[in-house]
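This report describes the folding of one chain and its contact with a second chain. The structure under discussion is shown below.

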Amino acid sequence: MARPSTDRITRALRSPVTFSVLAGLVIGALFLVGTGADPFAAYGAVVTGSLGADGIGATLSTVTSVLGMALALAIPLRAGLINLGGDGQMVLGGIAAAVTGLYSPLPAPLTVVLALLAGITAGAGYAALAALCENRFGVPLLVSSLLLSYPATSLASYLVRYPLKEPGSSLPQTRRLPEGVALPAFGTSTVTFGLVLVVLAATAYWFADRRTAIGYEIRMTGLNPRFAAYAGVERKGLTLRLMATSGAIAGLVGAIGVLSFPYRFLDGSLTAPGYTWTGLTAALLAAAAPLGTVLASFFFAVLQVGGLSMERTTEVPRELTQVLQAIVIVFLAARPSFSRRRRKTVQEPIAQGEFA
Amino acid sequence: MTRRPSDGPAAGVDTSGDAPAVDSPPVEAPAVVELRGITKRFPGTLANDSVDLTVRRGEIHALMGENGAGKSTLMSVLYGMERPDAGSIRIEGREVSFGSPGTAMAAGLGMVHQSFKLFDSLTVAENVVYRAEPRRFGLLDRAAARRRVRELAEEHGLAVDPDARVGDLPVGLRQRVEILKLLHRGARTLILDEPTAVLTPAEADALFAVLRSLTAQGRTVILVTHKLREVLEGSDNVTVLRDGRVVARLRTADTTAAEIATAMTGRAVDLDRVHPEGSPGEVVLDVEGLSTAGVRELRLTVRAGEIVGIAGVAGNGQSELVEALAGLRPVTAGRVGLRGEDITHASATERRAKGLAYVPEDRHAVGTAPAATVADNLAMGHHRTTLASPRGLLPPSAVRAHARALVERFGIKASTPDVPASALSGGNLQKLLIGRELAHGAPLLLVEQPTRGVDIGAIQAIHDELVAYRDAGHAVLLVSAELSEIRGLADRVLVMYEGRVTASYAKSDADEATLGLAMAGGTAEPVAATATAAATAVATPAPTAAAPNTPAPDGD
């Protein structure tokens, strides 16, 4: 067991992901030096601000949303499908959970479960609609999922401004959920049981990816869709199932957002932090691999939360962390050409028969 | 272009004879391409080990070797795609160092790659002049481009319509476009990489006639190939590579196929083996009036213990037929029966479950996922059946054990099952693919082009596997562009032309001339020879219209 694991470590260190992250940090440091700031102090503030006693709670609740959305995007991405409608699916999940929470006649604990299920169902159904648009009408998934997202967020916006608006409030928000209709939190922190649900989802994804026939089919579809089709993997069905799963997790994230602080649906509160896009970035960074998606989500959550505290303590604007994120992605996007060059020199003697 | 006597130590150039004769290859002609001591090392491999190659003006020089022998690397070095670690290159007597194919082209070299580099949506003329366009006021002068293509085509006997869209042309004509492209740019030495892989015997003959006329004009041709027949018929000299070294330099006139094959493989090989016939049993595959895009009212049957070969020029519906049988292409009319069950509209998965396995033509794009591991590639199709638990679990240990067993059984050369399939050579990848499909033990096996681009050693192994599979009582439908393969393996040969089976022959009657004629749409013996064959695969009336020697493009 020892050798494969050390192999794995050296491979991970040499991987383009490590390279991109390090390159991002180095270039970020150059920016900091350029503006006269101390890079060590700034990075130190990011780390202590996000992982220190004061920040870890905020980081973990950010992880809940970022990891959730990253999973939602990674699962179809594993088969080469891109779901750009995470925002819409998440918001519908949130509004469905809010409505269920407000109007369910059941006792509070059951209402919570019901609200979660409502969120999951709403997200799944809406994402499935995008899949059907591709399967039935040939609208590319990229387009159908992205465009369906806007009416969903607009609908939620309308609902909380008019029919569901909290009476007397000036904000576009629903009433607060009844007492007890909330996910249990850990101690006094803002970290809720939602984190556990998301981690469970990640575990299930890891298991399915590595150890089930469907996970195998998904991976092979991602690596070569024609190969999968040749062996009988039915693409339309797979698209539908993957999108439904993806939307279900996005809806779950929305429901968790409503069943945690502020315990209501506030227009824009789910979409404004950009979890969908951070999640997409994390999924891309990890090439949708389960473990990598978890690590990347954690990394981005640390940057997001740590950036705020860096701004407070060192006067370096938190936008720097966004610069870091962007640099990491740019380096990763450059990966194909760069690894292709390396691979070429390695493989050409082996694959002699075919000219490049 | 300056030509001066070489001062290289081992060149031995004689500048006396400068005018090559047409018929007898000019042995004394000056060297056009001289590679000396070319060494190219890749991590872990010595791809070229001090290779010398001399190609003289006006000759057709065949460069032969199995996959991995280093011929591709050598041509990459010559064409400026790779830099050698050591050695020198002289072109027409001048020492050169190419940084890119562009500089190699400027020095008069041109290469036709195995996969053509053409724009399908552009016309022939546009493709030919690409990157060397005749201009007028800074814009492409289309009239001049068309004129230029016509002139070149006429001059070299490469008839092709300058206004045709390349995407609409059959493969043989696309190859002409590639050659015209090189001639337009003034290439004096043409490198052709496996040029006949996609051609019928007649088209190949036509290609060699063109090459002959080019060499008669003083141009030089380097032919990279592994086909012995055309090397013997079409080349003047042969250089054989094995394991990165030159193992033989032969004058074609003085050598034999066996000698070249022995040099290539390093052991004596039995060429053109004809396997004994099988003993057919019950009908396994029964196709009645099948129509789909490119296939019209096709009838055929394949019995257990029988290999039925489908011969035909690429593009006459063979791929479509096989895809329709495999469930990857909808059937518009007719009926397909597998062991008595109607599978006309069954999905690919259902067909596999009912006993069908399939080796597709394109092993990189369809038959495997090159980026996935060998183990994952070997698991495909088995991942829902033998390897999975009833609940859909697929334990990685089972996948790896399965892979190890198949690697062992089919002699696939892979260091571990965890390397990506893209690291395997063409022959090994094909063994992987065939091994995976044979391992299903399905009553019906569809095989397309089982040995395309595969070296001789692997070809024999693959043929033996297919015959053993037949002898175990399975039905095999074989589609191949290699007539020798069809004749060696098939118990019955059907010829497809324009989407129909136009002729059927028993093994003993399927000689190359007869098949070649039928493949071109000719109808010397319109309907099948023997009674047994006729009973199962009757030709619909063969088109009697004058058949061009190039295949007609599909109906669209």
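## The antiparallel sheet and its covering helix

In this predicted model, helix H9 (residues 318-326) of chain B lies across S13, S14 and strand S16 (333-338) of chain B, and runs at about 65 degrees to S14(B). The sheet concerned is open and consists of 4 strands of chain B in the order S14-S13-S16-S17, with antiparallel pairing. Strand S14 (295-303) and strand S17 (341-342) of chain B each have a single partner strand and stand at the edges, so one side of each is left without a neighbour in the sheet.

Strand S13 (residues 283-292) of chain B is joined to S14(B) by 6 bridges, and the two run antiparallel. Within this pairing, B:Val283 has B:Arg303 of S14(B) as its bridge partner.

## The mixed sheet

A second open sheet of chain B has 6 strands in the order S6-S9-S10-S3-S11-S12, and its pairing is mixed. Its edges are strand S6 (109-112) and S12 of chain B; each has a single partner strand, so one side of each is left without a neighbour in the sheet. On average, neighbouring strands of this sheet are turned by 20 degrees against each other, direction ignored.

Strand S3 (residues 60-64) and strand S10 (residues 220-225) of chain B run parallel and are joined by 5 bridges. B:Ile60 has B:Val221 as its bridge partner in S10(B). Helix H5 (residues 171-184) of chain B packs on the sheet, where it touches S6 and strand S9 (189-193) of chain B; the direction of H5 makes about 170 degrees with that of S6(B).

The loop between strand S11 (237-242) and strand S12 (245-251) of chain B contains B:Asp243. The phi angle of B:Asp243 is near 50 degrees, a positive value in a residue other than glycine. B:Asp243 is partly exposed, because 15 other C-beta atoms lie within 10 Å.

Strand S18 (residues 356-359) of chain B pairs with strand S19 (residues 444-448) of chain B in the parallel sense, over 4 bridges. In this pair, B:Val359 stands opposite B:Val447 of S19(B). Both faces of S18(B) are covered: B:Leu356 and B:Tyr358 are buried on one side, and B:Ala357 and B:Val359 are buried on the other.

B:Gln449 is placed in the loop between S19 and helix H15 (456-471) of chain B. This residue has a positive phi, near 40 degrees, although it is not glycine. B:Gln449 is buried, since 24 other C-beta atoms lie within 10 Å and 20 or more are required.

## Buried helical positions

Helix H14 (residues 426-438) of chain B is mostly covered, with 13 of its 13 residues buried. At 1.5 Å a residue, the 13 residues of H14(B) should span 18 Å, and this agrees with the 18 Å between its end C-alpha atoms.

B:Ala104 is found in helix H2 (residues 101-106) of chain B. Leaving aside neighbours within four places in sequence, B:Ala104 is in contact with B:Tyr79, B:Gly80, B:Phe98 and B:Leu109. B:Asp455 lies 351 residues from B:Ala104 in sequence and 29 Å from it in space, C-alpha to C-alpha.

## Overall organisation of chain B

The secondary structure of chain B comprises 18 helices and 22 strands. Of its 556 residues, 54% count as buried. Among contacts in chain B between residues at least 6 apart in sequence, 67% join residues at least 24 apart.

The domain assignment divides chain B into domain 1 (31-265), domain 2 (272-355 + 442-556) and domain 3 (373-437). The centres of domain 1 and domain 3 of chain B, taken over C-alpha atoms, are separated by 37 Å.

## Chain A and the contact between chains

The contact takes 27 residues from chain A and 43 residues from chain B. On the side of chain A that touches chain B, helix H8 (193-211), helix H9 (213-223), helix H10 (225-230) and helix H15 (335-347) of chain A each supply at least two residues. H9(A) gives the most to this side, with 5 residues. The residues of this side of chain A divide into 14 nonpolar, 7 polar and 6 charged.

Chain A also has a cis peptide bond between A:Phe261 and A:Pro262, with omega about 10 degrees. A:Pro262 is found in the loop between helix H11 (235-259) and helix H12 (275-285) of chain A.

Terms used. Residues numbered from 1 in each chain as written. Chains lettered and ligands numbered in written order. Predicted model: local features only at pLDDT ≥ 70, side-chain atom pairs only at ≥ 80, totals over all residues. Buried ≥ 20, exposed ≤ 12 C-beta atoms within 10 Å, placed from the backbone. Pairing = 2+ DSSP bridges. Contact = placed C-beta atoms within 7 Å. Nonpolar A, V, L, I, M, F, W, Y, C, P; charged D, E, K, R; others polar. Domains from an automatic or database assignment. Expected span 1.5 Å × (residues − 1). Axes fitted to C-alpha atoms, helices over the stretch in contact; angles between N-to-C directions.
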